[in-house]
Each structure stands twice: as structure tokens, then as C-alpha cells.
Amino acid sequence: MRIVPFGISFLLTAGLVYTLNMQMGKIPPLGKFLSPQHGFWQNAEPADQAFDTTLSLPGLKDRAEVYFDEYLIPHVYANSQKDACFIQGYLHAKFRLWQMEFQTHAAAGRLSEILGPGDGDRYIKYDRSMRRLGMVYGAKKTLEEIEKDSATKRDCDAYTAGVNEYIKGLKESELPLEYKLLNYRPEPWTNLKIALFIKYMAYDLAGADNDFELTNAKSLFSKEAFAKLYPSVQDSLDPIVPKGTSFLPAGIQPKIPSTADSLYFNNKDTVTMQEMKPEKSNGSNNWAVSGKKTLSGRPILCNDPHLSTNLPAIWYQMQIRTPGYNTYGVSFPGAPYIIIGFNDSCAWGITNAGRDVRDYYSIKFKDDSRQVYWFNKDWKTAGQWIDTIKVRGRETPFYDTVATTVFGPVMFDPTFTGFSDVPSTRSYAVHWKANDPSNEMETFSRLQSAKNYDDYKQALEYFKTPGQNIVFAAKSGTIAIWQQGEFPAKWKEQGSFVMPGEDSSYMWQGNIRAFENPYMIDPERGFVSSANQAPVDTTYPYFLGSDFPLYRGLAINRFLSHMDSITPNDMMKLQTENYDIFADMAKPLLLRNIDDSRLSAEDRNYLNVFKLWKCRNDPGEEGPVIFSRWWFHLQQDIYDDEFSKSRLPLLRPYESTLLEALLKDTAYEFIDNINTPEKETLKQVVTTAFLKSIPELAAAGKEDKLTWAKYKDTWARHLLRLPAFSRMHLPIGGGTHSINAAKQFHGPSWRMVVQLTNKTEAYGIYPGGQSGNPGSPYYDTFIDYWAAGKYFPLWVMEKEETKDKRIKWIVHLSPKQNSL
Amino acid sequence: MDRSFEPQTKLIIIIHYDMKFLITILLIALLSFLCGLYLPWWGFALAACLVGALIPQRPGLSFLAGFLALFLLWGGLACFINAANNSILSVKIAQILPLNGSPVLLILVTGFVAALVGGGAALTGCYLTGKAPLRETEEELSLPYPEEEPVA
């Protein structure tokens with residue numbers, strides 16, 4: 001033995017191994033990561049991968065079969081609902097495990113545990129926001145409800161067992177790619193994670209409000225100005241339930257507190273805290289047309305929920321057949337059942353109700369320990385919980401002490417100002433409807449096997465948050481829509497601003513009875529529809545809040561009322577319609593007010609393109625780019641002078657507000673720039689805004705980004721926002737106000753058209769693929785077709801079709817006896 | 001000592017010598033592959049070390065054998081996997097690492113990382129059992145490639 005050289009080479013080699021086994025910043029342990037037998041190469045799925053296998057799994061009651069078609073869509077044949085849920089859990093885990101766990105970690109405020117503190121501790125802030133909002137607390141309550149019901153408990157238990165059965169058999173080399181990249185391992189799945197997933201959706205869809213921004217605006221602007229900036233009535237509203245519908249008198253009449261004028265409406269306090277907000281434009285379209293408007297004489301139901309266009313996609317497509325039901329549609333990896341889909345009798349789809357169910361209360365604590373607060377003329381002891389937030393790369397976890405009040409947890413206090421850097425001495429408790437007990441899983445369990453309107457109606461009863469517009473159509477011919485959810489009955493403007501938390505008179509006083517929710521069955525006009533607009537006009541006896549997009553609903557109803565002999569193909573065209581009704585209403589106003597004498601020859605070229613534009617946001621159009629820049633500068637010009645006076649969080653008026661104001665009143669008071677002595681006119685600001693957009697348009701032209709799709713730049717973006725795992729620059733049109741609501745990172749997450757003929761004729765597509773593995777050919781199967789507005793027929797496989805050539809692989813499952 | 005051989009003998013020695021080198025490479029690669037099935041990613045270092053210890057060679061050649069064995073094994077496996085995958089994943093990983101999105105570079109890097117460890121491990125093994133340079137060994141090893149003219 002040669003001691004010295006041995007020692008040196010041993011140390012060097014060992015050192016190298018040690019280094020390659022270590023995470024360095026964002027770089028995974030390179031040795032492990034690059035190893036063709038352990039690392040990412042193992043995730044490079046052969047293009048001709050066969051998925052056939054025979055599995056013997058404990059937890060299954062009976063034999064079952066899964067037939068995978070050419071798109072890797074599973075057609076599950078199980079002998080019971082319980083087995084179906086078990087298999088669904090197993091399949092979700094097999095194809096989407098990382099995403100399921102990541103999303104539920106996010107919901108539980110555990111991102112820092114995986115991703116570290118983030119720039120400026122933003123992941124810690126995210127985690128604190130989620131936990132303080134009560135996501136875990138709410139999920140635990142939901143779990144209790146799920147487990148109180150024997151059917152949903154049985155199904156969730158089976159689902160969880162299925163996920164865990166997959167995790168148990170997972171070798172290190174088979175870990176999903178993201179685990180290898182971030183260097184961590186999955187933990188066992190639990191029923192609580194299912195509940196957390198439901199809360200994740202509740203946060204996404206019912207976690208928005210503008211309470212702080214409007215509170216600040218109320219203190220900054222006069223009453224009259226405020227009413228013009230945030231009007232409660234939208235002139236062009238076409239509500240879900242048409243104007244003129246009569247409603248039942250209110251079953252509960254909330255009492256306005258006697259101190260409302262002095263302590264609430266005229267309160268001039270401001271808020272510096274900055275909330276974390278879900279994607280603002282989470283919305284959707286759905287509609288059902290009755291047989292009298294279709295060529296087949298049978299109803300057609302359509303739905304396209306607009307969510308973040310993530311990869312792996314939020315949806316997983318499947319068919320589930322048991323002796324009790326035969327259901328096709330999309331499911332959420334992370335939860336059992338089909339969420340949007342159809343069975344042999346009926347179809348259903350959902351859009352977001354968008355009602356304000358999150359309110360803040362200003363809390364007066366006795367001192368900085370926040371253990372005692374002033375409530376109903378007395379000092380009351382606050383509850384308290386301590387969150388332990390593990391932070392990757394840090395030795396000690398972050399401990400967050402959260403006080404709780406009669407209203408709910410204290411979301412913001414001097415130790416947590418959200419995403420704002422401004423220190424504050426105030427405390428605000430949050431009351432969020434999603435923290436009340438409910439069992440939304442029951443709704444989907446029942447919809448799967450719903451046979452008629454009554455079953456649908458009964459299924460809906462369990463659905464409380466996030467409030468949804470659930471559309472329904474049956475083969476029998478019935479079409480219906482209900483705005484379903486448990487909504488607090490509020491007095492007018494209750495919770496639009498931060499409320500005083502010093503007495504009980506500002507609390508929610510009760511819930512609107514479910515049968516008072518807006519609905520329609522088999523209306524004379526032959527269709528029902530929703531697109532997140534206000535559900536009713538002002539004759540509805542309850543206060544609804546005011547953040548509702550107008551235009552998609554308006555366009556859908558206009559198109560549908562003029563259509564007849566409708567075919568599924570017509571419905572696909574409507575779902576992918578790029579017509580922009582907002583632009584169509586704004587265009588004449590802009591053209592009326594452009595001052596031609598201020599334009600150069602080049603400016604006029606752009607103006608001509610705009611003039612000739614048919615208000616369709618097609619991918620190759622330049623018109624939408626010109627319009628979008630022009631409108632942006634117009635609203636900046638009009639509101640900047642007022643809004644830039646303050647650095648408080650504020651909300652700019654909605655696009656619809658500005659357009660409706662200008663259409664009514666060319667002397668809209670905000671047109672005048674308060675920083676100049678002269679009084680600006682609409683003509684001046686419209687022309688100035690146009691001229692300001694010219695250099696931007698010229699620059700966009702040089703970069704070849706003057707056409708709409710290139711300018712808008714839609715992505716299907718990986719959850720970790722890694723460009724390499726995303727599909728970028730998709731050639732798709734549409735936009736915020738088009739029915740085809742494809743924006744940059746957000747859009748129609750599942751387009752579905754179902755014609756309820758004897759043999760159901762259904763089509764669908766989502767921007768993703770069945771496999772969540774970036775190394776699989778099935779990772780992005782549908783994306784290009786989705787962007788092009790194409791659909792795939794949804795094949796409801798029949799028992800006698802097991803030999804059909806569309807079936808590529810078969811998985812045979814059988815129960816494994818524990819005793820051998 | 002007479003160091004001149006007949007050309008035929010010389011050839012046999014070269015073949016014998018190269019065979020030994022080749023067998024070392026193959027043995028390291030094979031054992032490394034097996035280790036990869038049952039041990040963590042660094043398992044091959046044990047294999048390379050073991051083979052380096054059991055087959056005595058000049059240290060430089062030992063290192064080279066370990067290096068080449070692992071370069072070929074990891075590079076080869078990566079190449080094979082990549083071909084079956086139509087480079088779907090390698091293009092993406094080569095953007096993250098960042099290697100300009102080039103699968104070839106990624107395969108080379110994969111091979112090189114393992115090769116460094118493999119070489120080092122084989123060398124370590126070689127020193128573990130190797131004796132201090134003896135004349136005999138020196139002689140045997142340098143036979144086919146006399147570095148200097150024998151002194152008469």
C-alpha cells in the first residue's frame with residue numbers, strides 16, 4: 001500500500017463524491033441527478049413505452065381493469081365506487097404525484113419547506129398568508145365533515161390508500177422529476193390533503209376581495225367620486241338570471257348596525273397591509289341549450305373553466321365505470337371523483353360565482369402580546385395558535401404566533417403586514433366562508449351518478465364554498481343552472497370595507513337560504529348560461545358585492561339567443577370565439593374622439609389598422625395590440641393624477657367602469673388632469689393616449705410582436721415557473737373579454753361540449769397532457785390542438801369495446817390477500 | 001539483460017497488456033452497472049475501487065481505466081435512454097443546467113462526472129494494493145513501450 005498517494009486520491013475521490021451528493025443553491029446533487037440509473041434520465045420515458053401491467057394491490061376489494069387509450073386516458077372498470085376511488089388515487093399518483101403534493105403543500109403553507117425562503121422571504125410570506133387565512137384550520141373542519149359521512153369517508157379512505165399504495169412501491173429512480181430537481185421525497189398521502197386541495201380551490205376561487213383597497217379609496221375620495229369610481233350598477237349587465245325575474249322576499253333581513261354611518265361609512269382609516277391575491281381573472285363560461293334550439297332536438301351542455309394554464313395541468317381526464325354509474329370527465333389530481341363531466345343520463349359544468357365571502361375586521365388589542373381584545377364593551381381573551389414553518393436551508397424554523405378572535409384568525413398585525421414593507425400598528429382579523437364546515441366532496445360523489453334534475457339538485461345541497469354556477473342538462477331534456485353555495489346575507493356594502501371589530505353588530509348575521517339562490521330551469525329562451533357576471537339585477541333582495549366581469553356573459557347570451565339548429569360543432573366555435581365585445585363597444589368612442597390634426601402619417605397608418613379591425617382577437621391581428629395599448633394609456637391618463645397621490649394599496653376602476661362612464665358622460669370628471677391648470681377634454685386624452693402608444697407599437701413591430709398572439713404570449717407554464725418545462729409562445733387568440741378567454745398564463749383549462757343524444761356525443765380538450773412527467777411524450781399531448789381551437793372526441797368506452805384499436809394498454813388489477 | 005524481443009512476442013505482449021486494460025474497463029463498467037441497480041448513485045465508486053485494487057496496473061492506467069469505464073457506462077446509458085426518448089427530456093434539462101439545450105453536451109457532462117469519480121476510485125484502489133514501484137513491475141509495464149533506449 002502506498003500510503004501518501006492512496007490518502008490523497010482517496011480524499012480527492014471521496015470529496016468529489018461528497019460534493020456531487022450535495023445540493024448547491026438551486027443545483028440538485030449532480031451525481032444523483034445525472035446518474036442514468038437513478039437521476040433524471042430515468043424520467044426520460046421511451047417514446048414507445050408500454051403501460052400494460054398486472055397489479056395485485058391490498059386495499060382493492062375486487063378485480064378491476066384500466067384500459068388506456070391512445071392519449072393515455074384511462075377507462076376504469078371497477079366493481080364498486082370504493083374500488084373506483086382507490087384506482088383513481090393510484091392513477092393520479094402514478095401520473096401526477098408531484099403536482100398533487102406540491103399543490104397541497106402550497107395550500108398548507110409549506111412552500112418554504114421545499115423551496116426555501118425565496119427572494120425577500122416571499123415564500124415565507126406566502127406560507128404565513130395561507131396559514132393565517134386558516135387554510136389548514138379550514139381543511140381540518142372540512143375533513144371532519146367528510147369523515148362524518150360514511151360514503152365520502154369510504155371513498156376518501158380508498159383514494160388515499162390508492163395514492164399510498166403507489167408511493168409505497170416507488171423506487172428512488174422512479175420519483176417524479178421535480179422531486180429529483182428539488183431534492184426531496186414525497187410523504188404519505190392523507191385525507192387531510194384531499195381537504196387541503198379543496199381549500200386550495202376555495203382560495204383560488206373564493207379568496208379574492210378588495211376590502212383594503214376600497215377602504216383606502218373611501219378615505220381618499222369624496223362620496224360622489226367614490227360612487228363614480230366604483231359604481232354598484234353596471235349598465236350593460238346581462239345577469240345569469242335575466243332582468244325582470246321575480247325573487248322571493250328575503251328570508252333573512254340583515255340589520256345595519258346603528259353605528260354604521262359614523263364608524264363604517266364615514267370612517268377615514270387607511271390600511272397599508274398588502275394581501276396576497278389569487279389570480280384575478282379566475283372565471284369561466286358555461287351554458288346549456290335546450291333541445292328546441294339544437295339540430296338533434298336534445299340539449300347540449302358546454303363548459304370551459306378558466307384557470308391558470310399550468311403544467312402539469314390542473315385536470316386529469318378519465319372514464320369511470322362501476323355497476324352504479326358510467327361517468328366521463330375531468331378530475332382533480334388530489335381528490336376523488338369526476339368534477340366536470342357527464343354520465344349516461346346527464347352532464348354538468350361549473351363556473352365561479354365570485355361572490356365576496358371574505359371580510360376583514362379591525363381589532364383593538366390591549367397590548368402587543370395580542371392576548372386580549374376589545375369586544376362588546378369588554379376585554380375578551382383571544383385564542384392563539386403557533387405555526388411552525390420549516391424553511392429549507394435554515395437551521396431553525398420560522399415560528400408564527402397567530403391570535404384568533406370571534407371573527408376568525410388575525411390575518412395581519414404588526415408582525416405580519418403581508419406583502420407590504422410599510423410597518424403598521426393595526427391588526428385585522430379575517431372571516432372567510434371557506435373556514436366554515438362543509439363537505440363539497442359529497443356533491444361530486446352524487447353528481448357522478450346523478451340520473452335526473454332531482455339528483456342534481458340534491459347533490460348541490462352539500463356545496464358551500466367556493467360558490468359556483470352549476471349548469472345541468474339531462475337526456476330527458478331538462479336544462480338548469482343554480483348559483484350554488486352558502487352565502488352570508490349581507491346588508492348593503494357590508495364587508496366592502498374593513499369593518500369595526502369592536503362589537504358583534506358588524507358580524508355576518510346568517511346565511512341566505514339555499515333555495516333563494518339564483519337559478520333557472522327550462523327557461524322560455526331555450527338556454528341557461530353563466531360567465532361570472534353578476535347573477536341577478538338589483539331587485540334581488542341581497543347584497544352581492546360588485547366585482548363581476550360583464551362582457552363574456554353579454555357576448556354568450558347575444559350569440560346564443562340568435563342561434564338555432566345548434567350542433568356540437570357550433571358550440572365549439574362559440575367556445576373558441578375571439579370576438580371582443582368590450583372592444584366593439586369602446587371602438588366607436590375612441591374613433592369619435594381622436595383628433596386627426598395631431599397625427600402624423602405614421603400615426604394614421606396605425607389608426608387605419610385599428611379602424612379596419614373587426615374586433616376579433618385572432619392570433620394574427622394587429623388591431624387588438626393597438627387597442628390594448630391605447631386603452632391602457634387612456635385609463636392611465638384619466639386616473640393616474642388622482643391615484644398616484646397616494647402610495648396606499650388602491651384598486652383602479654374596472655375597464656367596464658371607465659367605458660360605461662365615458663359612454664354616458666364625455667365630461668367624466670376624472671378626465672381632467674388635476675395637476676394642470678387647464679381642463680382636459682375627452683378628445684385630448686383619447687388622442688394623447690393614442691400618441692403615447694405609438695412608440696410602443698413601433699418597438700413591438702421591430703421585435704415582430706405587433707400581432708396579437710405574439711404580443712399576448714400565452715404559456716402553459718410549469719408550476720415551478722421553469723421555462724424549460726413550460727410550453728411558451730402558444731399561437732392562440734382571445735383574451736380577457738373574449739369567450740375564448742386565453743390570457744398569458746391563464747385561460748380555458750378544459751373545454752367541454754356534450755350533446756345529450758341517446759348515445760352521448762361529447763368533445764373536450766385541455767392545455768396539457770395526461771402525464772405530469774416533463775420527460776414523457778404525453779406531457780403536452782393536447783396543447784397545440786388546444787391552442788388551435790381543436791377538440792378530441794370524448795370516447796365513452798363500452799364493455800364490448802375492450803378489443804377496440806383505440807385501446808393501447810391494459811392494466812389488470814386484483815386484490816392482494818394479506819395472508820399468504 | 002536482453003530487452004529485445006522477436007516482433008511476434010512483442011505483439012503477444014501488447015495484446016496481453018491491452019487485454020488486461022480492456023478487461024479492467026469492462027469489469028469496472030459491468031460491476032458499476034450492477035451497483036447502480038442496488039446501491040445509491042455513488043455505488044460504482046466501490047466497484048471501480050475494488051477492480052483497481054484487484055487488477056494491478058500502473059496508477060495512470062488504473063485511473064484511465066476507471067475514467068473510461070464510467071464515461072462509457074454513464075455516457076452510453078444516457079445515450080441509449082436519450083435515443084429511446086427522442087431527446088424530449090434532455091433538451092429541457094440542458095436548458096436548466098444550463099448547457100444551451102444541447103443533449104450531446106448533457107450526455108458528455110453525464111459521462112464526465114461519473115468518469116472523474118470512477119477514475120479517482122480506481123486510482124484509490126490501485127494505491128490500496130499497489131506496491132511501491134519495483135523494478136520488476138516497472139519493467140513488465142514498460143516493456144511494450146520502452147521509453148528510452150536500453151543501455152548496452
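Trainee: In chain B, what share of the contacts with a separation of 6 or more comes from residues 24 or more positions apart?

Mentor: Such residues account for 73% of those contacts in chain B. Two residues are in contact if their C-beta atoms, placed from the backbone, lie within 7 Å. Please note that this is a predicted model, in which local features need pLDDT of at least 70, side-chain atom pairs count only at pLDDT 80 or more, and totals for chains, interfaces and linings use all residues. Residues are numbered from 1 along each chain as its sequence is written, while chains are lettered from A and ligands numbered from 1 in the order in which they are written.

Trainee: How many helices and strands does chain B have?

Mentor: Chain B has 6 helices and 0 strands. Helices (H or I, at least four residues) and strands (E, at least two) are DSSP runs, numbered from the N terminus.

Trainee: And what percentage of chain B counts as buried?

Mentor: The figure is 42% of its 152 residues. A residue is buried if 20 or more other C-beta atoms lie within 10 Å of its own, exposed if 12 or fewer, and partly exposed in between, with C-beta atoms placed from the backbone.

Trainee: How many residues of chain A are in contact with chain B?

Mentor: There are 34 residues of chain A in contact with 33 residues of chain B. On the chain A side, helix 1 (3-20) and helix 2 (30-34) are the elements that give two or more residues. Helix 1 of chain A gives the most, with 9 residues.

Trainee: How does that side divide by class?

Mentor: The side of chain A that touches chain B has 21 nonpolar, 10 polar and 3 charged residues. Here Ala, Val, Leu, Ile, Met, Phe, Trp, Tyr, Cys and Pro count as nonpolar, Asp, Glu, Lys and Arg as charged, and the others, Gly among them, as polar.

Trainee: New topic: how many residues of helix 13 of chain A are buried?

Mentor: In helix 13 (residues 440-448) of chain A, 9 of its 9 residues are buried. The elements they pack against include helix 6 (135-148), strand 10 (346-352) and helix 14 (453-460) of chain A.

Trainee: At what angle do helix 13 and helix 14 of chain A cross?

Mentor: Their axes cross at roughly 165° and come within 8 Å. Axes are lines fitted to C-alpha atoms, for helices over the stretch in contact, and angles run from 0 to 180 degrees between N-to-C directions. Helix 13 of chain A is therefore roughly antiparallel to helix 14 of chain A, a term for angles over 145 degrees. The contact is made by Thr443(A), Arg446(A) and Leu447(A) of helix 13 and Asp455(A), Tyr456(A), Gln458(A), Ala459(A) and Leu460(A) of helix 14.

Trainee: What about strand 10 of chain A: is it mostly covered or uncovered?

Mentor: Strand 10 of chain A is mostly covered, with 7 of its 7 residues buried. On one side are Cys346(A), Trp348(A), Ile350(A) and Asn352(A), and on the other Ala347(A), Gly349(A) and Thr351(A).

Trainee: Which residue stands opposite Ala347(A)?

Mentor: That residue is Ala473(A), in strand 18 of chain A. Strand 10 and strand 18 (residues 468-474) of chain A run antiparallel and are joined by 7 bridges; two strands pair if DSSP finds at least two bridges between them. Strand 10 of chain A also forms a hairpin with strand 9 of chain A, with 3 residues between them.

Note on methods
Angles under 35 degrees count as roughly parallel, over 145 as roughly antiparallel, 65 to 115 as roughly perpendicular and the rest as oblique.
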